[in-house]
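Hello,

Here is the structure I promised. My notes follow below it.

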Amino acid sequence: MKELEYPFDPALLLSQRKRLRRELTADGKKRIKKKIAILGGSTTNTFVKMFDLFLLDEGIECEFLESEYDRWWQDAVFGSEDLNAFAPDIVYIFTSWRNLERFFPQTGEKDGAAKHADECLAYFTKAWDALRERCHCVIIQNNTELPPYRLLGNRDCWDENGSTLFIGKMNLLFAQYAQTHGSFYINDLAYQAAAYGLEAWHDLQAWYMYKLAMKLEAYPSVAANAAHIVKSVFGKNKKAIALDLDNTLWGGVVGDDGVEGIQIGRETAASECFEEFQKYLKKLSKTGVMLTVASKNDRQNAIDGLNHPEGVLRPDDFIVIKANWDPKDRNIADTAHEMNIGTDAFVFVDDNPTERALVSRSVNGISVPELTTPETYIQTIDRSGFFEATEVTADDAGRNDMYKANAQRAQRQTEFTDYGEYLISLKMTAEIKPFNIIYIPRITQLTNKSNQFNLTTRRYTQQEIEQCSADKDTLTLYGKLTDIFGDNGVVAVVIAKKSGTNADIELWLMSCRVLKKDMEYAMLDTLVAHCIRQNVKTLTGYYCPTAKNAMVKELYCDFGFTKVSEDASGNTVWRLELDGYTKKNRYITVED
Amino acid sequence: MTENEIIPSLTKVFRNVFDDDTIVITRRTTADDIDDWDSLEHINLIAAVERRYRIRFTMKEVSSMKNVGEMIDIIAARAK
């Protein structure tokens with residue numbers, strides 16, 4: 001919804017919330033349903049109302065439970081009937097500097113500061129650990145903004161008893177907990193307050209009268225940031241950017257001005273601005289965001305522009321380059337198809353409002369940020385939170401290389417007339433084993449972002465994956481595929497629960513980058529081998545249809561399972577007798 | 001500003017906040033007259049009025065306001 005896109009108008013969101021909510025819920029979009037408990041150290045209902053809007057806009061419909069005013073710690077540590085019955089998917093601890101104030105060191109106190117920090121950390125850790133233990137859910141915790149006054153003036157930031165120093169220390173300690181615990185994320189209130197401006201952020205009247213931790217108008221941006229975390233956790237991040245070239249990646253029009261005429265580099269203010277934007281995109285690609293080009297240009301001009309000596313991005317940095325005179329909506333749809341991802345995983349970046357309007361109207365689910373002047377491109381993309389990185393795995397850093405290797409594979413395929421011979425030429429090897437601690441973040445990430453080759457589309461938190469891995473009645477497998485063009489990383493995940501001599505396959509997924517390689521057969525072979533070893537005689541498979549997973553509707557049929565039942569909404573159940581099973585994988589050498 | 005100038009614009013603020021185009025306000029209107037006027041919406045309403053007229057109510061004013069009439073008087077005295 002336009003009103004909720006950066007830069008949104010907080011006053012409008014607050015005063016017309018009811019209308020916006022009405023319009024959002026009437027748009028007929030299918031939304032996932034989640035439950036979020038808000039444990040607040042201040043009044044949180046304004047926050048929740050804004051949070052609700054941003055989440056609805058991301059396709060997430062939430063039920064909320066708010067703790068009573070200032071009961072957050074008791075509810076977290078001791079639980080409450082309401083909270084236990086609620087069974088939240090996420091618990092969000094919404095604290096502010098007010099909730100840390102009682103731990104502040106006193107002026108003149110000797111050696112007290114470290115003790116205060118320890119006490120404060122122990123207080124919070126107790127809440128986090130108790131929640132992890134009891135709710136097994138994702139935790140979001142605010143870090144802490146700077147306070148509205150400084151007793152020691154500037155000395156506050158370096159005196160061991162200074163309050164601003166203390167808050168900095170606590171933010172570091174919170175960060176360390178996040179680094180060492182999965183499914184624990186920090187909403188960076190410190191950054192948001194700074195971006196908003198502390199002077200405007202702190203509203204003491206709102207605290208005295210309503211126990212609001214910050215100015216009313218600051219809540220929408222806090223809620224937007226928290227919503228970025230939530231949609232990322234539930235696999236709704238964007239994955240790729242489709243970029244225009246002329247006046248987007250460089251100043252001027254390469255077809256008219258020639259390569260030497262475009263603005264990029266350090267020569268002028270304008271060229272430096274485009275250079276920094278290219279640098280930003282290059283760094284973004286290192287976090288796993290995939291870059292593509294959608295430009296109206298002759299291909300050679302586009303490539304020449306990208307090879308400008310002062311440029312930062314090179315043709316190699318893009319997975320797909322579409323530079324032609326076809327309409328951009330068609331080019332983007334083709335790019336998405338070639339990369340095997342949905343168009344809704346794309347952000348379209350173009351300085352031209354006409355192109356933006358066309359793409360926004362005709363490409364399903366794509367995000368099209370409103371760009372104004374080039375010097376604001378970075379801020380607009382950054383604040384929109386398209387690529388909120390709740391998990392960063394080694395796989396993300398190498399993603400661009402992997403997709404490029406895929407392009408090489410596609411090229412090689414054209415050299416063969418027989419598909420089997422092509423597969424043999426890839427010399428594929430797979431590692432298929434029970435979950436292993438080093439792959440747990442990647443496995444969790446896959447369960448949350450795979451949509452197409454995913455039989456049940458069950459999402460898991462890192463803690464749940466750890467539990468599956470530790471449970472002796474759960475069979476787990478990850479599959480890693482390597483060929484002559486490189487390592488694809490972990491691309492397949494299976495989770496099956498044993499009961500008696502049957503095992504229920506509650507999760508079966510595979511990354512679309514390894515489609516039609518026999519990898520699913522290799523996974524089944526290994527799963528069956530593990531089952532037989534553990535005296536399991538039948539496998540039960542489930543297919544739950546979603547808008548995106550039609551490609552695996554008949555997977556179990558293809559595997560040789562027999563359909564046992566089908567309900568009105570198309571959910572199917574399948575069974576396979578393992579006796580007499582014959583191996584199905586023909587092309588992959590498996591290490592297990 | 002005069003009361004006659006204020007009432008139409010203030011009505012619009014009320015209709016936005018409560019998402020109800022049938023709301024009609026008078027000097028005697030109080031929270032009891034509007035279904036959704038709870039403590040949460042009260043915070044929102046006060047903030048929306050402050051933004052509309054570019055004024056800031058003091059804590060004392062907010063706590064002692066008894067009906068829409070008193071709100072109008074403060075706006076009339078302070079808004080330019």
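Let me start with one strand pair. Strands β3 (residues 90-94) and β4 (residues 138-142) of chain A run parallel and are joined by 4 bridges. Ile90(A) has Val138(A) as its bridge partner in β4(A). Strands pair if DSSP finds at least two bridges between them. Helices (H or I, at least four residues) and strands (E, at least two) are DSSP runs, numbered from the N terminus.

This is a predicted model: local features need pLDDT of at least 70, side-chain atom pairs count only at pLDDT 80 or more, and totals for chains, interfaces and linings use all residues. Residues are numbered from 1 along each chain as written, chains are lettered from A and ligands numbered from 1 in written order, and side-chain values use heavy atoms, without hydrogens and water.

Now the sheet. It is open, with 5 strands in the order β2-β1-β3-β4-β5 (chain A) and parallel pairing. β2 (60-66) and β5 (184-187) of chain A are at the edges with a single partner strand each, so one side of each has no neighbour in the sheet. The twist averages 25° from one strand to the next. Axes are lines fitted to C-alpha atoms, for helices over the stretch in contact; angles run from 0 to 180 degrees between N-to-C directions. Helix α7 (residues 163-180) of chain A packs on the sheet and touches β4 and β5 of chain A. Contact means heavy atoms within 4.5 Å. The direction of α7 makes about 145° with that of β5(A).

Last, a helix pair. The axes of α21 (residues 440-449) and α22 (residues 462-470) of chain A come within 9 Å and cross at roughly 115°.

Best wishes
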